[in-house]
Amino acid sequence: MKEQRRDFLKKTALFGLTALGSQVFGKVDEKALNAWGSEFQEKEPFLLPELPYAYDALEPYIDKETMVLHHDKHHKAYVDNFNKALKTYSGSHDFKELFATASALSPALRNNGGGHFNHSLFWMLMRAPKEGAANEASGALYAALKTMYGNTETFRKEFNEQALKIFGSGWCWLVVTADKQLKIGVTSNQDNPLMDVSVVKGTPILALDVWEHAYYLKYQNKRADYIQNWWKLVNWPMAEQLYMDAMAG
Ligand code: MN3
């Protein structure tokens with residue numbers, strides 16, 4: 001069963017954001033459910049995805065203890081509460097359709113659905129740091145960032161400024177807007193740019209969790225240091241793939 005889970009994640013990583021829809025990521029289709037074994041039968045449709053790396057893979061920038069708590073406790077609670085809330089919801093369970101009507105959803109659905117989606121994306125968009133190597137955007141995304149911001153340092157500076165000024169809990173995003181432009185924006189709580197309530201709208205291709213639970217154990221109140229180190233973990237090939245998908249979609 002461990003092996004099957006790993007295969008599932010591998011597929012998920014390949015499918016990018018489309019994988020976060022109803023078919024592949026989290027919500028399990030009939031076939032995958034059977035393959036997964038009896039423990040999930042007849043239970044909640046959404047599952048906590050395993051991390052695509054070890055809990056300590058992001059050290060020294062994000063510590064193992066934070067990852068264990070963040071994934072096993074925080075993310076799991078979103079998944080559990082999302083499933084609970086869905087039991088009495090008759091509308092679409094597809095993320096995109098669900099979030100498009102966020103303003104009409106119960107707080108339980110909006111917060112926990114967002115929490116599940118946002119964290120799934122957050123994990124996928126990080127990878128183990130390569131010591132001594134600059135972690136820089138690649139390919140078409142690099143070119144687009146250069147065109148838009150002049151250079152990637154300017155882009156990072158703008159992203160950092162927005163992430164730093166979020167008051168309380170929230171997320172900072174890079175999205176591809178409906179008119180295929182790159183845009184940085186922030187959301188509160190577990191909202192995201194697919195939601196109709198979000199000021200910044202579009203397909204997310206970078207996601208940064210700035211809730212204190214994401215960094216407090218290691219960084220305490222020093223959010224700026226956490227953000228600075230997060231750049232060393234960004235999974236740029238994944239971001240580029242999400243970018244290409246969004247541009248093609
Ligand atoms: Mn979080």
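This short talk covers the manganese site and the salt bridges of one structure. The model is a predicted one.

I will start with the metal. The manganese ion has four kinds of entry to look for in the viewer: His-70, His-119 and His-213, each through NE2, and Asp-209 through OD. Along the sequence, their spacing reads H-x48-H-x89-D-x3-H. Asp-209 and His-213 are buried.

Now the salt bridges. How many does a search of the whole structure find? It finds five, and I will go through some of them.

Take Asp-80 and Lys-76, with their closest N and O atoms 2.7 Å apart. Both residues sit in helix H3, four residues apart, which is about one turn of the helix. Asp-80 is partly exposed, at 27% relative accessible area, and Lys-76 is partly exposed too, at 37%.

Next, Asp-191 pairs with Arg-110, and here the closest N and O atoms are 2.8 Å apart. This bridge links distant parts of the chain, 81 residues apart: Asp-191 is in the loop between strands E2 and E3, while Arg-110 is in helix H5. Is Asp-191 buried or exposed? Asp-191 is buried, because its relative accessible area is 9%, under the 20% cut-off. Arg-110, at 24%, is partly exposed.

Last, Arg-156 bridges to Glu-136, with a closest N to O distance of 3.5 Å. Arg-156 belongs to helix H7 and Glu-136 to the loop between H5 and H6, so the bridge ties together parts 20 residues apart in sequence. Through shared partners, salt bridges join Glu-136, Glu-153 and Arg-156 into one network.

Note on methods
Residues numbered from 1 in each chain as written. Predicted model: local features only at pLDDT ≥ 70, side-chain atom pairs only at ≥ 80, totals over all residues. Heavy atoms only, no water. Donors = N, O, S within 2.8 Å, 3.2 Å for Na, K, Ca; no water. Buried < 20%, exposed > 50% of the residue type's maximum accessible area, 1.4 Å probe, protein only. Salt bridge = Lys/Arg side-chain N within 4 Å of Asp/Glu carboxyl O. Helix = DSSP H or I, 4+ residues; strand = E, 2+ residues; numbered from the N terminus.
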